[in-house]
Amino acid sequence: MEKRRNVSMSVIKRLPKYHRYLEGLMKNDVNRISSKDLGEKIGFTASQIRQDLNCFGGFGQQGYGYNVSDLYNEISDILGLTRKYKVVIVGAGNIGQAITNYTKFDKLGLSIEALFDKNPKLIGIKIRDIEVKDIDTLETFLASSQVDIGVICVPDKYAQGVCDILSRNNVGGIWNFAPVDLIVPDNIKVENVHLSDSLLTLTYLLNEK
């Protein structure tokens with residue numbers, strides 16, 4: 001399967017939803033599904049689904065639909081889930097601990113290698129058998145370990161400094177939970193999860209005339 005270049009971010013952001021729904025269909029022993037039926041479950045039109053999937057090559061057969069497990073595996077490959085990723089989490093507060101306790105990461109091939117914080121009350125405790133290390137040792141740890149993803153769960157005033165440490169130690173992906181836009185080199189990929197932005201979108205929708 002040949003991936004096409006210049007796929008829009010809106011298409012890319014829909015892929016995890018396809019992946020999640022296809023996983024659910026597999027758990028319910030559904031072997032095949034049409035774009036129409038899949039669209040009704042997900043909330044997309046059949047045309048939208050076909051357009052999205054055509055960005056990555058041909059899938060399905062006219063009159064047959066999609067083989068659920070095959071499509072699930074293809075989307076897993078597109079999303080890069082056929083490889084393993086080493087992860088560090090910086091910030092062992094409520095968000096950092098919640099992420100550490102999220103067991104589905106193991107199924108997605110993400111291995112949490114270490115957890116860091118500056119709070120003396122947190123340093124040394126274990127979360128899912130992962131000991132919280134002193135943040136002062138972060139750079140040394142990264143220099144001796146090949147880490148793929150850094151998760152930032154620190155207050156906004158510390159986020160850029162943590163980001164800089166991750167960037168200069170060849171951590172290629174940053175998952176940012178701090179409410180600040182980070183400045184990174186072009187080769188570093190950032191996914192922001194600004195919780196307040198999502199909440200304010202909801203309050204707008206609640207008050208929409």
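**Salt bridges and their setting**

Tutor: E139 and R168 form a salt bridge in which the closest N and O atoms are 2.7 Å apart. E139 belongs to helix α7 (residues 138–144) and R168 to helix α8 (residues 156–168), so this pair ties together parts that are 29 residues apart in sequence. The model is a predicted one, and every value here is computed from it. E139 counts as partly exposed at 29% relative accessibility, whereas R168 is exposed, with a relative accessible area of 53%. The two labels differ because buried means under 20%, exposed means over 50%, and partly exposed covers what lies in between.

R128 and D106 meet through their side chains in a salt bridge of 2.9 Å, N to O. R128 sits in the loop between β5 and β6, and D106 in helix α6 (residues 104–107), so here too the pair ties together parts of the chain, 22 residues apart in sequence. R128 is partly exposed, with a relative accessible area of 36%, and D106 is partly exposed as well, at 45%.

The other pair is local. The side chains of K36 and E40 meet in a salt bridge, 2.9 Å from N to O. Both residues lie in helix α2 (residues 35–42), four residues apart, and are thus separated by about one helical turn. An α-helix has 3.6 residues a turn, so residues three or four places apart point the same way. K36 counts as exposed at 52% relative accessibility, and E40 counts as exposed at 55%.

Now the sheet, since the loop that carries R128 runs between two strands, β5 and β6. Seven strands form an open sheet with mixed pairing, in the order β5-β6-β4-β3-β7-β8-β9. At the edges stand β5 (126–127) and β9 (189–192); each has a single partner strand, so one side of each is left without a neighbour in the sheet. Strand β4 (residues 110–117) has six of its eight residues buried, so it is largely enclosed by the rest of the structure. On one hand β4 is joined to strand β3 (residues 85–90) by six bridges, and these two strands run parallel. In that pairing, V90 has F116 in β4 as its bridge partner. On the other hand, three bridges join β4 to strand β6 (residues 130–134), and this pair also runs parallel. There D117 has D134 in β6 as its bridge partner.

For a buried helix face, look at helix α4 (residues 68–78), where V68, L71, Y72, I75, S76 and I78 are buried. Seen down the axis of α4, these residues fall within an arc of 160 degrees, so they line one face of the helix. Among the elements that cover them are α1 (9–27), β1 (32–33), α3 (46–54) and β2 (66–67). Just after α4, G80 takes a positive phi of about 80 degrees.

Toward the end of the numbering there is a nonpolar counterpart to the charged pairs. L199, L202 and L206 make a nonpolar surface patch of about 320 Å². L202 has its place in helix α9 (residues 195–206) and is partly exposed, with a relative accessible area of 46%.

As for the whole chain, nine helices and nine strands are present. The C-alpha atoms fill a box of roughly 60 × 45 × 35 Å, taken along the principal axes. Of the 209 residues, 38% count as buried. The chain exposes about 12800 Å², of which carbon and sulfur atoms supply 49%. Among contacts between residues at least 6 apart in sequence, 57% join residues at least 24 apart.

Terms used: Residues numbered from 1 in each chain as written. Predicted model: local features only at pLDDT ≥ 70, side-chain atom pairs only at ≥ 80, totals over all residues. Heavy atoms only, no water. Buried < 20%, exposed > 50% of the residue type's maximum accessible area, 1.4 Å probe, protein only. Pairing = 2+ DSSP bridges. Patch = residues over 30% accessible without salt bridge, like charges linked within 9 Å, V, L, I, M, F, W, Y side chains within 5 Å. Areas by Shrake-Rupley, 256 points an atom, 1.4 Å probe, with all protein chains shown as cover. Salt bridge = Lys/Arg side-chain N within 4 Å of Asp/Glu carboxyl O. Arc of directions from axis to C-beta. Contact = heavy atoms within 4.5 Å.
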